[in-house]
Amino acid sequence: MFCYQCQEAAKGTGCQIKGVCGKDEEVARLQDLLIYTLKGLAEIVVKGNLEIENLNEINHEVIKSLFITITNANFDKTAIEKQIEKMLGFRNELKKRIAEIPLGDATYFEVTGTTSMLEKASKAGVLATENEDIRSLRELVIYGIKGMAAYAHHALNLGKENRDIYTFIYEALAATLDDALSVDELITLTLKTGEFGVKTMALLDEANTSKYGNPEITHVNIGVGKNPGILISGHDLTDLEQLLEQTKGTDVDIYTHSEMLPAHYYPFFKKYENFIGNYGHSWWKQLEEFETFNGPILFTTNCIVPPKNEKVRDRIFTSGASGYPGCIHIEANQDGKKDFSPLIEMAKKCKAPIEIETGSIVGGFAHAQVLALADKVIDAVKSGAIKKFIVMAGCDGRMKAREYYTEFAQKLPTDTIILTAGCAKYRYNKLALGDIDGIPRILDAGQCNDSYSLAVIALKLKEVFGLEDVNQLPIVYNIAWYEQKAVIVLLALLYLGVKNIHLGPTLPAFLSPNVAKVLVETFGIAGIDTAEEDIQFFMA
Ligand code: SF4
Ligand code: SF3
């Protein structure tokens, strides 16, 4: 196996024996083959000029397949094999629809059973591209569309889709097979990936807010109640809605975990009396926190950490693109409805969660809420009470080097405001950083996709202050990344013209020295230093 798609790639270069994430060789290879299958299918769609409108089910399964391969989403070999078979079936069906045009191996290969899949995968992975710059750009695009697909999948679950996004995904997948594309053309494709990243995050924002209302300032309880609970993790709000509906009026409480925390900020979910609060921290602390939670856990998406304790594993359920061997997967029926009764029945027999902390955290600062406070914010900037906004959105991870973000937040001068989104916030969202004229010093917009909100806020401020360039604002970017959704967020920011983004705790292993150089020279991308030095740099 060879995988270098996330920030924790072994030795900063790539996982070759087993993933640091826990993904084993077979799962890694099957994920590679699933991606290769999608590339072949996309080549048929693109070269055959097939109408995207007529490919409904296939479009949906393509984005689900991409989502399955995101870091920490799906460790279930059987589920991935089934998805490969399904996508090969679609690929072969599409091939029949087009006239004879020359097509490549990805559109023709056949596999039967695990052994032949693994054998084929060994020639279809990342290292199949020999030139390291081409490989780097191809993977940058692939990781970007993985993130894009995840967000498109959530929007689709809410009944919103945009076929232009699917068209782009096919174009990008097929382009990664095209040996005629130059480095420059691949760089252009990378920026276009960012453009569609913006479109996808806007679509998901529309889907979320039109159904659940605009996030608003909310204090979220981090303590526990007396009833047994179900813990819901990941990013899918439709799963949460269904779970709350199915537990309404029962003695089973619902708690959010990690990236599901921002659900509390939406007005829609506030009516559920059994929606108690948020339990624990970001994803990588789950092994210990699931033990004390005592009840069943539902993963709607990433990030799953392979459970070491069987008793905990037996309480884990998955849905959507996520999966783990030995855990029950809750399938949606044709109308998208899921039956969560196995979790509810299990919860009734479990003890209530053990309290691991008390108090509350505040959030809900997505674009509508911040723009409602715009006058106050603008006055504070004009009076000098707010000197800088620091965007610290992104992902959290288990590396010790990430203590940097806590230290950075703690040491920031008191006339700064942190704008955050994604699970990166858990490194500082429980610090008592106070407020500036009533504006909390940490403004949490929501999940990683709500980084879109931070871009909307920046564009609005640019307009209000009459500036020509978003980079003239007193906003700096110190982003933490881990998995591929952060890649699409980064590409989206680059597309919007944001410069000088600092990215940590380490730069992606998949950036070859030449590609990294282009990003540094064109966009001013930089890594991180010590908290003190970076603060000095940002405040200068
Ligand atoms: Fe390694 Fe990350 Fe790939 Fe897992 S996802 S195998 S940790 S690079
Ligand atoms: Fe976190 Fe996994 Fe990326 Fe949605 S839950 S941000 S890492």
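This is a predicted model: local features need pLDDT of at least 70, side-chain atom pairs count only at pLDDT 80 or more; totals for chains, interfaces and linings use all residues.
Strands β1 (residues 218-221) and β8 run antiparallel and are joined by 4 bridges. Within that pairing, His219 sits opposite Val362 of β8. Strand β8 itself spans residues 360-363, with Ile361 and Gly363 on a covered face, while Ser360 and Val362 make up the uncovered one.

**How the chain is divided**

**The core**

Helix α5 turns up again inside the protein. The largest nonpolar core counts 170 residues, and Ile169 and Leu490 have the most contacts inside it. The biggest share of this core comes from α5, which gives 13 residues. If you click on Ile169 and skip its neighbours within four places in sequence, you'll find it in contact with Val62, Ile145, Met148 and Ala149.

Now try Arg163, which belongs to helix α6 (residues 163-175). Is Arg163 buried or partly exposed? It is partly exposed, because 13 other C-beta atoms lie within 10 Å. Leaving out neighbours within four places in sequence, Arg163 is in contact with Ile52 and Glu53. Arg163 and Leu55 are 108 residues apart along the sequence, yet their C-alpha atoms are 9.9 Å apart in space.

Another helix to look at is α8 (residues 237-247). Its buried residues are Leu237, Thr238, Asp239, Leu240, Leu243, Leu244 and Thr247. As a general point, an α-helix has 3.6 residues a turn, so residues three or four places apart point the same way. Just after α8 comes Gly249, with a positive phi of about 75°.

**The two ligands**

Which residues come nearest to ligand 2? Of the 17 residues around ligand 2, those are Cys303, Cys395, Gly422, Cys423 and Cys448. This shell draws at least three residues from each of domain 2 (218-348) and domain 3 (365-539). By class, it has 7 nonpolar, 6 polar and 4 charged residues.

Ligand 1 has 13 residues around it, and the closest are Cys3, Cys6, Cys15, Gly19 and Cys21.

Most residues other than glycine have a negative phi, and most peptide bonds are trans. A few spots in this model go the other way, and here they are side by side.

| Site | Feature | Angle |
|---|---|---|
| Asn302 to Cys303 | cis peptide bond | omega near 10° |
| Gly504 to Pro505 | cis peptide bond | omega about 5° |
| Lys11 | positive phi | phi near 55° |
| Asn294 | positive phi | phi near 75° |

Where do you find these residues? Cys303, one of the residues nearest to ligand 2, is in the loop between β5 (297-299) and α10 (310-313). Pro505 is in the loop between β15 (502-504) and α17 (513-523). Lys11 belongs to the segment before α1 (25-47), and Asn294 lies in the loop between α9 (286-293) and β5.

Asn294 has 17 C-beta neighbours inside 10 Å, so it counts as partly exposed.

Notes. Residues are numbered from 1 along each chain as its sequence is written. Chains are lettered from A and ligands numbered from 1 in the order in which they are written. A residue is near a molecule or strand if its C-beta atom, placed from the backbone, lies within 6 Å of it. Ala, Val, Leu, Ile, Met, Phe, Trp, Tyr, Cys and Pro count as nonpolar, Asp, Glu, Lys and Arg as charged, and the others, Gly among them, as polar. Domain bounds come from an automatic or database domain assignment. Helices (H or I, at least four residues) and strands (E, at least two) are DSSP runs, numbered from the N terminus. A residue is buried if 20 or more other C-beta atoms lie within 10 Å of its own, exposed if 12 or fewer, and partly exposed in between; C-beta atoms are placed from the backbone. Two residues are in contact if their C-beta atoms, placed from the backbone, lie within 7 Å. Two strands pair if DSSP finds at least two bridges between them. A nonpolar core is a set of buried Ala, Val, Leu, Ile, Met, Phe, Trp, Tyr and Cys residues joined through C-beta atoms within 7 Å.
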